[in-house]
Amino acid sequence: MADAIQLSGLTRAFKDDIVIRDISFSVDENNVLGLIGGNGSGKTTLLELMAGVLRPTLGTVKVQLSGTDLRDVYRNRHEAKKYFGFGLQSPSFYSSMTVAENVEYFASLHGMEDTSTEEYREELLTRLELHDRLKTTASRLSGGMKKRLDIACATVHQPRYIFLDEPASDLDPELRSTVWDVISWFADNGATVVFSTHYLQELQSFTDRVGILEDGRLRAIKPPRELEAMTDSTVEVNLTVSGDIDAVKDVLKGKFEVINDEGPVLVRTEDVADVMKVLRDYEALCHVESIDTRRQGLESLIYE
């Protein structure tokens, strides 16, 4: 499969602050790339560089525009606009306009006033569950609907390249699933999609690769299953207990990694059953009122 996007030595500095540091990778046509990383890791800046919003300090971003040759995005940013869809974290639509008016306006910016992409637009609005809200003023939409309207406005012209910054932030699991399904649909319809997110455990089902950013550097870029093999297999166990908590921690410290010395009992282990077995042997010390577990997974690659 041919490269659709190619980054080479990409670096971006704001005065003395280097935000993106010598990043190189490529994205295949019709692939979905998810970018993850902690706050300040450079995800938004990298997306803005890829979309031609920012000028690289060093290096290049190249994409296929017309023809088959890869061309520099920033130098050809005016031509690239018709091929790109870019959704920011903050809404870019007009709050005083209805959903339909916003969609029509953003379509017109790309010369899409005719009916050539009408079928695509209809399905886009249906998949984003906005079709029943076309006459609603944008300011009256819920937060989740505003997020989906922003995606619609960014992609209404059926762009070849789609860049979305945290498209599922602040959405409940069901609505996040809707957004992930739409991203998969974009790729099925010929788009190459790059997006950022912090919902790490939901990427495996629809991304081709996941890139991990840390302090402006690309730490890894692999299919999600390969990344899972790199992750910490341990589980964090948060216990709410009654009784002598300090004594419980002393018992657990002899067998497991107890993460915090103060506050709740937080233990890291590979088998939750082992923790519970130890606690059963010391029932005189405590009573377990509740237990909450969280597998480290991809988070261990970001926050270790």
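These legends describe close-up views of a predicted model. Residues are numbered from 1 along each chain as its sequence is written, and side-chain values use heavy atoms, with hydrogens and water left out. Local features need pLDDT of at least 70 and side-chain atom pairs count only at pLDDT 80 or more, while totals for chains, interfaces and linings use all residues.

**View A. The open sheet of 4 strands, with antiparallel pairing.** The strand order is β2-β1-β4-β5. Helices (H or I, at least four residues) and strands (E, at least two) are DSSP runs, numbered from the N terminus; two strands pair if DSSP finds at least two bridges between them. At the edges are β2 (17–28) and β5 (70–72), each of which pairs on one side only. From one strand to the next, the twist averages 25 degrees. Axes here are lines fitted to C-alpha atoms, for helices over the stretch in contact, and angles run from 0 to 180 degrees between N-to-C directions. Helix α1 (residues 43–50) lies across β1 (3–14), β2 and β4, and runs at about 125 degrees to β1; contact means heavy atoms within 4.5 Å.

**View B. Strand β4 and its partners β1 and β5.** β1 and β4 run antiparallel and are joined by 5 bridges. Ile5 stands opposite Val63 in β4, and Val63 also stands opposite Arg71 in β5. Between β4 (residues 58–64) and β5 the pairing is antiparallel, over 3 bridges. Gln64 is placed opposite Leu70 in β5. The hairpin of β4 and β5 has 5 residues between the strands, and in it Gly67 takes a positive phi near 80 degrees.

**View C. The open sheet of 6 strands, with mixed pairing.** Its order is β6-β7-β8-β3-β9-β10. The edge strands, β6 and β10 (217–222), each pair on one side only. The twist in this sheet averages 15 degrees from one strand to the next. β7 pairs with β8 (residues 192–196) in the parallel sense over 5 bridges, and Phe163 has Val194 in β8 as its bridge partner. Helix α6 (residues 173–188) lies across β3 (32–36), β7 and β8, at about 150 degrees to β8.

**View D. The aromatic pair of Phe84 and Tyr161.** A search of the whole structure finds 10 aromatic pairs. Rings of Phe, Tyr and Trp (its six-membered ring) pair if their centres lie within 6.5 Å; planes under 30 degrees apart count as stacked, over 60 as edge-to-face and the rest as tilted. The ring centres of Phe84 and Tyr161 are 5.4 Å apart and the planes are at 80 degrees, so this pair is edge-to-face. It links distant parts of the chain: Phe84 is in strand β6 (residues 84–87) and Tyr161 in strand β7 (residues 161–165), 77 residues apart.
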